[in-house]
Amino acid sequence: MVLLFKAFFNWCRDENRMKTIQPNVWKVFLDCHSSFAVPSTPQSTEDIEEFFNVFEEHILPLFEEFRTHYCSISPTFAFWDMFLHAVEILLQNIRAERDGLWLLHLKSVSAMLPYFFITNRTNYARWTPAYVLDMLNLPETVKSSFLSGEFAVRQKPGTFNGIWSDMATEKPIIKDSKGCGGIVGFSGEMRARSG
């Protein structure tokens, strides 16, 4: 990502787009960077929100223009841009599960849908739209619980430690099935099961 943004700012300079970025944008960026540069400095939610608002308003339109321009002239750039977009979706999904962010979960799952079709994952391509529609039409009590992060399973208290529900159930089931009286050594042949 560092190389991508370096190329973006070089493009802005070469295309005389730097002058379209207002000076207050740079001040917001520097303030946000300074608050993260010193580990003991508490980061305020307002600073981060201001950073994202300024980024979306002033930088993102230029960045989209930069991406469109280079994707049209360079197949290599287009490939890496597509790859980084897919990785970004994956990382958003992981963050949504770890932090219990329901809306980000729905957004990332919806964004994965085209990849299920492209990679011929028939069951995911078939059932993901149904899942998303069902999740958008949840009863209000369930929806409010999910919005507060109760859809992610947490085995220990803390932050960024939520896991997917299927992973949470697989661990104890696999552990139990491999223990005494489990499925290890169990055979599918009828004569082995009949004593």
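Six salt bridges are found in a search of the whole structure, a salt bridge being a side-chain nitrogen of Lys or Arg within 4 Å of a carboxyl oxygen of Asp or Glu. The model is predicted, so local features need pLDDT of at least 70 and side-chain atom pairs count only at pLDDT 80 or more, while totals for chains, interfaces and linings use all residues. Residues are numbered from 1 along each chain as its sequence is written, and side-chain values use heavy atoms, with hydrogens and water left out.

| Pair | N to O distance |
|---|---|
| K27 and D31 | 2.8 Å |
| R67 and E64 | 2.8 Å |
| R67 and D81 | 2.7 Å |

Helices here are DSSP runs of H or I with at least four residues, numbered from the N terminus. R67 and E64 are three residues apart in helix α3, and therefore separated by about one helical turn. Together, E64, R67 and D81 are linked in a network of salt bridges. Buried means under 20% relative accessible area, exposed over 50%, and partly exposed in between (1.4 Å probe, protein chains only).

K27 and D31 both lie in helix α2 (residues 23-37), four residues apart, about one turn of the helix. K27 is exposed at 53% relative accessibility, and D31 is partly exposed at 38%.

In helix α4 (residues 75-99) lies N93, which is buried at 8% relative accessibility. Beyond its neighbours within four places in sequence, N93 is in contact (heavy atoms within 4.5 Å) with H105, S108, V109, M112 and W164.

Helix α4 also holds F79, a partly exposed residue with a relative accessible area of 45%. F79, W80, M82 and F83 make a nonpolar surface patch of about 440 Å². Patches consist of residues with over 30% relative accessible area and no salt bridge; like charges are joined within 9 Å, and nonpolar side chains (Val, Leu, Ile, Met, Phe, Trp, Tyr) within 5 Å. Accessible areas come from the Shrake-Rupley method with a 1.4 Å probe.

A patch of negative charge on the surface gathers E46, D47, E49 and E50. Of these residues, E46 is found in helix α3 (residues 45-73) and is exposed, with a relative accessible area of 57%.

Technical notes
Helix = DSSP H or I, 4+ residues; strand = E, 2+ residues; numbered from the N terminus. Lys, Arg positive; Asp, Glu negative; His and termini not counted. Charge placed at Lys NZ, Arg CZ, Asp CG, Glu CD.
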